[in-house]
Amino acid sequence: MTLWEKEDSSHGKDNICTATEEICTENPAEPRSPRKGSKSSTAAKQVEPRGNTRPLVFRLQASVPSLVREILLERGWIEYNEHEQDNEDWNLYWKNCPFPMTEHQSIKPWQRLNHYPETIRITRKDYLARHLKRMKGIYGTTLYEFSPVAFIMPNDYIKFITEYSKERQIPGKKLSYWICKPVDRSRGRGILIFQDIKDFVYDCMVIVQKYISNPLLISGYKWDLRIYVCVTSFYPLTIYIYEEGLVRFATEKFDLRSLDNIYAHLTNSSINKFGPSYRKDKDVIGSGCKWTFSRFRAYLRSCHVDDLLLWKRINHIVILTLLAISTSVPFTSNCFELFGFDILVDEKMKPWLLEVNHSPGLRLDCASDVVVKRKLLHDIVDLLNYKEADTLRKSRGTNRRISCFSRSQYMLTTESEVPLDFLACGKGIKSATTSPSPSCLQITKRTATYGRTASAYPRKTLTSQLREKMHMPQTPIQSKPLSKSRQVLRTSHSLCESVQSTHWFNSLEFYTHKPTIPLYFLSDKDRRPFPRVGDFILIFPFNDAALEASKNGMNVKSVIQEIHKLMNRELQPEPQKLNKALVNQ
């Protein structure tokens with residue numbers, strides 16, 4: 001049994017259990033030959049080297065782990081040289097920090113960036129707590145009960161003291177343990193666990209949460225799961241979860257009597273690899289502090305534990321967490337985001353979200369890292385779905401300076417847009433084509449007047465644009481409809497202003513525009529996301545209703561309703577099996 005699959009021994013067939021099977025069974029993507037040493041999968045068609053094909057080019061920030069460069073070079077890519085190549089002569093730009101909006105605005109069809117803007121909304125601990133609290137208030141605790149109660153200090157100090165004091169006034173009540181984490185630090189730095197408030201000391205902005213004091217232990221050791229999640233798009237929301245991953249262990253046995261023992265309570269490998277027991281052959285765990293998911297699942301099976309429901313619950317946690325920011329992330333093309341979701345499982349097999357990591361670590365510390373992370377990077381590149389046209393690094397029939405966000409692109413597009421079935425609004429709308437256009441956009445008319453204007457005047461600064469907008473007189477709504485070209489002109493102008501004036505993009509009008517760069521993560525065959533790429537499994541959209549709700553802006557309420565239905569269906573079979581067992585006794 002794999003992480004999101006249940007083996008059917010009678011048929012020898014894998015049934016992908018994303019959340020439902022509609023996407024996989026109704027709309028299969030084109031098969032491809034698997035890479036050597038990997039399982040057969042449905043994935044993007046890869047660029048095959050040919051006589052006239054140029055190699056793909058990558059750019060790396062200096063702090064990016066060397067494994068990224070190593071994998072790309074293995075695949076035949078070459079590294080970008082700023083002294084010898086044009087600014088646009090690259091295919092993948094990988095950084096450990098967010099890109100400025102200017103990079104997103106100037107993206108070209110053949111390029112990919114490894115970050116979306118504003119994803120800090122869930123990767124910083126205090127922001128994540130606020131978003132989950134808001135979603136819990138709107139949609140109820142039934143769905144959003146997977147994160148421990150949290151207080152952001154110093155703002156919530158009074159609320160925390162009230163909660164802390166309340167439980168101490170109840171006779172016989174078991175007192176809670178608390179964990180304090182700096183909001184913007186990683187790798188376990190600055191974490192404090194306490195039960196008595198006299199031990200609570202902090203010198204920066206922190207988040208205080210109820211400490212999960214009943215974790216599921218393996219041979220007495222605490223552990224958590226590092227889940228790799230790749231979002232290829234927020235508009236429409238498209239989420240892949242990685243089938244393989246890492247189980248991270250504390251290197252000393254769990255003991256609530258020694259809260260200051262970081263090697264017993266923290267599972268961060270950056271801490272435990274310096275612990276005195278790291279290299280010891282620990283009972284069941286072995287040496288080191290990591291397992292692969294494959295080894296973890298084998299261990300659960302040996303203990304006769306059915307883990308399928310656990311993985312489904314983890315899928316729900318990932319989807320519900322990303323839904324919290326799905327309407328807040330700015331619309332940008334040709335990006336992807338790799339998240340590291342840290343999940344703790346308690347003794348009742350309930351998964352808890354601890355945090356979401358931006359740019360999860362890709363350094364190799366042990367054999368488990370090598371097994372998981374090397375293939376993870378290979379599968380990410382496959383997921384980016386580069387085509388042969390991308391190796392040329394130019395848009396056919398267009399000026400190379402035109403980008404998906406440039407004002408000229410929208411002003412010059414007057415009659416046609418790149419058809420995208422995946423973004424079509426409403427049922428029954430069909431596209432004229434069934435595969436993405438190899439070029440960035442389709443231009444049918446070009447006005448000479450605008451061409452002279454664009455070349456004669458310098459680009460306006462953000463300040464001047466805002467000032468112009470503030471002093472622009474308000475015009476009444478026109479009673480007569482505008483001509484077709486005027487309509488496109490006005491719509492495009494509004495879109496450009498939204499992009500350049502703010503980085504939050506709260507305007508709903510902004511979300512309704514179709515990108516002129518084809519979505520790279522869609523199958524040429526059916527214009528839907530690939531259900532599987534390597535070990536990446538599509539978990540959202542999980543059925544046609546969720547797909548429909550994610551078009552032209554996310555309808556969160558509709559998606560929540562679908563998740564409710566899904567959870568009810570998943571929980572129904574268990575009582576039925578139990579009743580049958582009782583009848584047979």
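1. The model is predicted: local features need pLDDT of at least 70, side-chain atom pairs count only at pLDDT 80 or more, and totals for chains, interfaces and linings use all residues. Residues are numbered from 1 along each chain as its sequence is written, and side-chain values use heavy atoms, with hydrogens and water left out.

2. The protein chain contains 19 helices and 18 strands; these are DSSP runs numbered from the N terminus, helices being H or I of at least four residues and strands E of at least two. Of its 585 residues, 52% are buried (buried is under 20% relative accessible area, exposed over 50%, partly exposed in between, with a 1.4 Å probe and protein chains only).

3. The count of disulfides is 0, a disulfide being a pair of cysteine sulfur atoms within 2.5 Å. The sulfur of Cys204 is too far for a bond because the closest cysteine sulfur, in Cys180, is 7.3 Å away. Likewise, the sulfur of Cys366 is 6.5 Å from that of Cys289, the closest cysteine sulfur, and this is too far for a bond. Cys204 is partly exposed at 24% relative accessible area, and Cys366 is also partly exposed, at 22%.

4. Grid points are joined across faces, edges and corners, and a volume is the space filled by probe spheres set on the points.

5. The second largest pocket holds about 1100 Å³. Its lining has 47 residues, and those closest to its centre are Ser186, His358, Ser359, Pro360 and Gly361. Strand 16 contributes the most to this lining, with 4 residues.

6. There are 6 cavities of 30 Å³ or more, and the largest cavity has a volume of about 330 Å³. Its lining comprises 26 residues, with Ile179, Lys181, Ile191, Leu354 and Glu355 nearest the centre. Strand 8 gives the most to the lining of the largest cavity, namely 3 residues.

Conventions:
1 Å grid on protein atoms, 1.4 Å probe; cavity = no way out; pocket = protein on both sides within 12 Å on 5 of 7 lines; lining within 4 Å.
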